[in-house]
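Hello,

Here is the structure I promised to pass on to you.

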Amino acid sequence: MGFPSKPFSLLLCLSLFLFANPAQSATDYNTLVYKGCAKQTFQDPTGVYSQALSALFGSLVSQSTKTKFFKTTTGTGQTTITGLFQCRGDLSTGDCYKCVSGLPVLTDKLCGKTIAARVQLFGCYILYEVSGFTQVSGMEMLFKTCGATNIAGSGFEERRDTAFSVMENGVVSGHGFYTTSYQSMYVLGQCEGDVGDSDCGVCVKNAAQRAQVECGNAISGQIYLHKCFISYSYYPNGVPRRSSSSSSSSSSSLSGQNTGKTVAIILGGAAGVGFLVICLLFTRGLMKKHDDF
């Protein structure tokens with residue numbers, strides 16, 4: 001059996017490098033978190049519902065170039081459809097548009113012509129309801145996910161609960177979005193754009209209480225209620241911060257978040273470079289053996 005050709009060996013290593021490099025696996029805001037599709041589909045012999053839904057989606061995508069939350073209504077009478085989109089508060093306008101623009105096609109693919117649907121990506125979500133659809137409570141839990149790793153002791157629960165308390169106050173002062181790191185705990189909370197500050201604080205507090213019960217000592221989790229969601233992650237070695245202060249201000253929280261991303265990229269790059277060096281040495285060895293033959 002002969003050795004692989006030189007170009008193929010190098011291509012194989014470069015391909016493995018792309019998959020092994022952690023920097024390439026950074027959070028993708030277009031990753032699907034969950035879908036919620038109504039069981040009932042709308043009867044549309046004349047295409048009136050499809051036209052109204054298409055117009056709604058077009059309006060939502062168009063507005064995503066300008067804002068991170070938008071709610072509107074299209075159609076008339078029984079064909080009235082209300083819909084909205086929302087992006088995470090830390091997304092740029094450009095990333096918001098990129099996230100939202102793919103949702104109409106994805107929603108149709110995942111839910112079809114249902115009378116109501118909600119598709120949640122990591123960075124944004126879209127929701128629509130045909131007139132007459134039964135409303136649900138803003139506190140209803142739609143989805144949860146808890147980390148597989150659990151931790152007990154070491155003050156974990158106290159740190160998590162304190163971070164939750166800071167977040168609950170932060171979403172009120174932050175008008176619906178807040179993120180911060182506190183003693184190795186990173187938390188994020190966001191409410192639907194039309195929820196008032198006070199109600200947002202109540203919703204996020206409810207979500208935090210759900211996380212305590214549903215996820216227990218899991219080191220990470222996400223809880224999605226109808227009108228808000230929270231996410232938390234515990235880093236045993238500490239969330240990198242530029243300041244030792246546990247200030248709950250938006251500026252310090254964002255700097256802490258960005259520092260964490262920077263460190264992840266640096267570590268990923270270092271690991272990638274090391275792997276690439278190994279690949280090059282491997283390729284060189286193959287080339288030498290091939291030449292010896």
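Predicted model: local features only at pLDDT ≥ 70, side-chain atom pairs only at ≥ 80, totals over all residues.

On to the next neighbour of interest. β4 is also joined to strand β5 (residues 124-130), again by 5 bridges and antiparallel, and R118 stands opposite L127 in β5. β4 and β5 make a hairpin, with 2 residues between them.

How many of the 6 residues of strand β4 (residues 116-121) are buried? The count is 6 of 6, so this strand is largely enclosed by the rest of the structure. In a regular strand, side chains alternate between the two faces of the sheet. Here A116, R118 and Q120 point one way, while A117, V119 and L121 point the other way, and all are buried.

There is also an open sheet of 5 strands with antiparallel pairing, in the order β6-β9-β10-β8-β7. Its edges are β6 (141-146) and β7 (177-182); each has a single partner strand, so one side of each lacks a neighbour in the sheet. From one strand to the next, the twist averages 5°.

For β7, the antiparallel partner is strand β8 (residues 185-191), with 6 bridges between them; S181 has Y186 in β8 as its bridge partner. Helix α5 (residues 156-173) lies across β7, β8 and β10 (228-234), and runs at about 150° to β7.

Enjoy looking through it!

Best wishes

Notes
Residues numbered from 1 in each chain as written. Heavy atoms only, no water. Pairing = 2+ DSSP bridges. Helix = DSSP H or I, 4+ residues; strand = E, 2+ residues; numbered from the N terminus. Axes fitted to C-alpha atoms, helices over the stretch in contact; angles between N-to-C directions. Contact = heavy atoms within 4.5 Å. Buried < 20%, exposed > 50% of the residue type's maximum accessible area, 1.4 Å probe, protein only.
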